[in-house]
Amino acid sequence: MHWNSDCTGFPKAALNALIEVKNNTFLFCNNCVESGKKDIILCDIVKHETIEKVKNTIDDAKLAPNNLEGKLAKLLTEQSEEIEKRINTQTTKIRKTLEKPARSIDTTKSLRIFGISELKERTETRSLKETGEVEKLLEHMEFDCDIVEDIHRLGKFVPNSNRPRPVLLTLKSAWDARKILNSAYKVKDYATPVFLSRALSQQDLQIESEILKIQRKMIREGALRGDLKIRNLELFHKGTKIDIPLSTE
């Protein structure tokens, strides 16, 4: 059997594909062995394989940027999808919060209590403890706790805050609310500083916020706190009413 182009007349490309068999063993015809052409043929095969390896390396190098771009594009796509998923989750939460109807407050039978201590961490007993604090205050003012309809904190809970949120005290009747307000002077000798005021509508809360801003500004500018009084959502300085410009935001 002849395995070189001189013996067979086959193109070298065809022979190179036929010469190599299992375990890199090569077959040669007797004529090639005897004439010494075997070494020449092996040399040609090694050259061919080397050239093919170089070509493959070059092709791989050319494809590498494309593979890298593909991996990068895939990574960016996955990150984009994850970010979009998180945004959609947060948007859904915000929408549910906005769509949730605001808690209705009957200002005629509700009061705000400032100064009731608040636990700095959320616990199962927090609500019970705060309810107990309000009941102690009412007992100090000589009121029966049976007149209470509901007790809850106003505003967002901030862990470890040193400033307790006001308590909204809802009573069973407007008459009970008026009696407690009329007895507000009794808290002067309470164990801790406490202040009571009537509950406000959302519009009145905005007015109150503006009044407090003006009051703080006047104190910073030198006015004495004792000369500033707030009565019925109006600010007075030494008996003179101060005009409060309301925010249009």
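Two strands are said to pair if DSSP finds at least two bridges between them, and helices (H or I, at least four residues) and strands (E, at least two) are DSSP runs, numbered from the N terminus. This is a predicted model, in which local features need pLDDT of at least 70, side-chain atom pairs count only at pLDDT 80 or more, and totals for chains, interfaces and linings use all residues. Residues are numbered from 1 along each chain as its sequence is written, and side-chain values use heavy atoms, with hydrogens and water left out.

**View 1. Strand E3 and its pairing with E1 and E2.** Strand E1 (residues 110-114) pairs with E3 in the antiparallel sense over 4 bridges, and Thr 170 of E3 is the bridge partner of Ser 110. Strand E2 (residues 148-153) is also antiparallel to E3, over 5 bridges, with Val 167 of E3 as the bridge partner of Arg 153.

**View 2. The two faces of E3.** Val 167, Leu 169 and Leu 171 point one way from E3, whereas Leu 168 and Thr 170 point the other way.

**View 3. The largest pocket.** A pocket is an open set of points on a 1 Å grid over the protein atoms alone, where a 1.4 Å probe fits, with protein on both sides within 12 Å along at least five of seven lines; lining residues have an atom within 4 Å of a point. The largest pocket is lined by 32 residues, and Arg 112, Phe 114, Phe 195, Ser 197 and Glu 208 lie nearest its centre. Helix H7 gives the largest share of this lining, 8 residues.

Notes. Buried means under 20% relative accessible area, exposed over 50%, partly exposed in between (1.4 Å probe, protein chains only).
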